[in-house]
There are 2 protein chains.
Amino acid sequence: MTDTPREIETLIDLLARLPGLGPRSARRAVLALLKKRATLMAPLAQAMSQVASSARDCRVCGNISTADLCPICADPRRATGEICVVEDVADLWAMERGALFKGRYHVLGGTLSALDGLGPDELRIPALVERVRDDGITEVILALNATVDGQTTAHYIADALEGSGAAVSTLAQGVPIGGELDYLDDGTIGAALRARRRL
Amino acid sequence: MTDTPREIETLIDLLARLPGLGPRSARRAVLALLKKRATLMAPLAQAMSQVASSARDCRVCGNISTADLCPICADPRRATGEICVVEDVADLWAMERGALFKGRYHVLGGTLSALDGLGPDELRIPALVERVRDDGITEVILALNATVDGQTTAHYIADALEGSGAAVSTLAQGVPIGGELDYLDDGTIGAALRARRRL
């Protein structure tokens, strides 16, 4: 469109790069923002600018944080002996949603991938090994995605932690809660069958 | 979630208020922003803050603008005698997408609605009447939505402009390009039938 002010076009183009928004929905979002300039647009711009300037990786675990230590690493009530290893911050948030895990995290920043050129050194794996060695960690729970890359990474980490003294475990695989067998793939049913429990 | 930094939670809450985004997709969008802090988040925050502080309504037509006059009203190549009346800026953008209309616009800011308490004075209708009277307008095209409120507003405006000397027209109704009769409602087919053209 030629006759939209250039600043507004720029804003639409940038918003369209967010996941879940395309050019059309970004345009709609900008119109909604323009209608609520004072109550929504200005506070959103300010919140975004504040996070953009203050957000960084937690020095210890790699979680997103606005301080040197993330709220989880800084929380004295969280158990220090257990580390849950996740691929990225989204997975950490997914684990925290259940509020079941009381230990601390280690965010890898991805999975090992020859295709993407991601090796152990790109993934904060050395930092994990060091942390386990120096901080008296007793258990490492590998909460990686049940994909080929995720499982490759899990095995690599298990090898790297051998001899560290920490127990290494991984999330159970099986039928998800509410899952219907008819809709599950053979791999999941197979894993659930092999890991069957006595009632 | 208790352990996400408060600034990030604020950002998610604000983003979730955009149309097309919910709490979950806002969270995903924020994660994407956090991964591209320098290349996407900071520029987006800046663009948004700039638009929030500079955007205003065009003094003449009510279009969104960053100057006193919007680019369309300021463009000397646009015909001054024709005004296309639209409900809001989204409709103006939709008209401009085709680049078929060469005149200028008048943005009402809504349609007459007893339920929402929107009367003519809330809708820039007096400004339209004044503009038609003072600026030598020869044609007013009512490009309002084909809804009950839109059509009520169109009739109200046509009445208000009676005796102004300007011809008042409205968009044709009929079968949309590519439309299949089987999927069209009776109202549209009826309108298309009444407005049939000789081949």
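Which residues make a nonpolar surface patch of about 240 Å²?

1. **How to read the model.** This is a predicted model, in which local features need pLDDT of at least 70 and side-chain atom pairs count only at pLDDT 80 or more, while totals for chains, interfaces and linings use all residues. Residues are numbered from 1 along each chain as its sequence is written, chains are lettered from A and ligands numbered from 1 in the order in which they are written, and side-chain values use heavy atoms, with hydrogens and water left out.

2. **The nonpolar patch.** A:V175, A:L181 and A:I189 make the patch, which covers about 240 Å². Patches are built from residues with over 30% relative accessible area and no salt bridge; like charges are joined within 9 Å, and nonpolar side chains (Val, Leu, Ile, Met, Phe, Trp, Tyr) within 5 Å. The areas come from the Shrake-Rupley method with a 1.4 Å probe, and for residues only the protein chains shown count as cover. A:I189 sits in helix α7 (residues 186-194) of chain A. Helices (H or I, at least four residues) and strands (E, at least two) are DSSP runs, numbered from the N terminus. With a relative accessible area of 32%, A:I189 is partly exposed; buried means under 20%, exposed over 50%, and partly exposed in between (1.4 Å probe, protein chains only).

3. **The largest pocket.** Its volume is about 590 Å³. Of its 25 lining residues, the closest to the centre are A:L31, A:K35, B:D88, B:V89 and B:A90. The elements giving two or more residues to this lining are α2 (23-35) of chain A and α4 (89-98) of chain B, and α2(A) provides the largest share, 8 residues. By type, the lining of the largest pocket divides into 10 nonpolar, 4 polar and 11 charged residues. Here Ala, Val, Leu, Ile, Met, Phe, Trp, Tyr, Cys and Pro count as nonpolar, Asp, Glu, Lys and Arg as charged, and the others, Gly among them, as polar. A pocket is an open set of points on a 1 Å grid over the protein atoms alone, where a 1.4 Å probe fits, with protein on both sides within 12 Å along at least five of seven lines; lining residues have an atom within 4 Å of a point. Grid points are joined across faces, edges and corners, and a volume is the space filled by probe spheres set on the points.

4. **The second largest pocket.** This one holds about 350 Å³ of space. It is lined by 17 residues, of which A:D88, A:V89, A:V107, A:G109 and B:K35 are the closest to its centre. At least two lining residues each come from α4 (89-98) of chain A and α2 (23-35) of chain B. The largest share, 5 residues, belongs to α2(B). The lining of the second largest pocket has 8 nonpolar, 2 polar and 7 charged residues.

5. A:E9 lies in helix α1 (residues 6-15) of chain A and A:R27 in helix α2 of chain A, so the pair ties together parts that are 18 residues apart in sequence. Both A:E9 and A:R27 are buried.

6. **A bridge between chains.** B:R37 forms a salt bridge with A:D57, with the closest N and O atoms 3.4 Å apart. This pair crosses from helix α3 (residues 37-54) of chain B to strand β1 (residues 56-57) of chain A. B:R37 is partly exposed at 21% relative accessibility, and A:D57 is partly exposed at 46%.

7. A:D75 and A:R77 meet in a salt bridge (3.1 Å, N to O). A:D75 is buried, with a relative accessible area of 9%, whereas A:R77 is exposed at 74%.

8. Most residues other than glycine have a negative phi. A:R124, however, has a positive phi near 60 degrees, and phi of B:R124 is also near 60 degrees. A:R124 is in the loop between β4 (104-107) and α5 (125-134) of chain A, and B:R124 is in the loop between β4 and α5 (125-134) of chain B.

Key: Salt bridge = Lys/Arg side-chain N within 4 Å of Asp/Glu carboxyl O.
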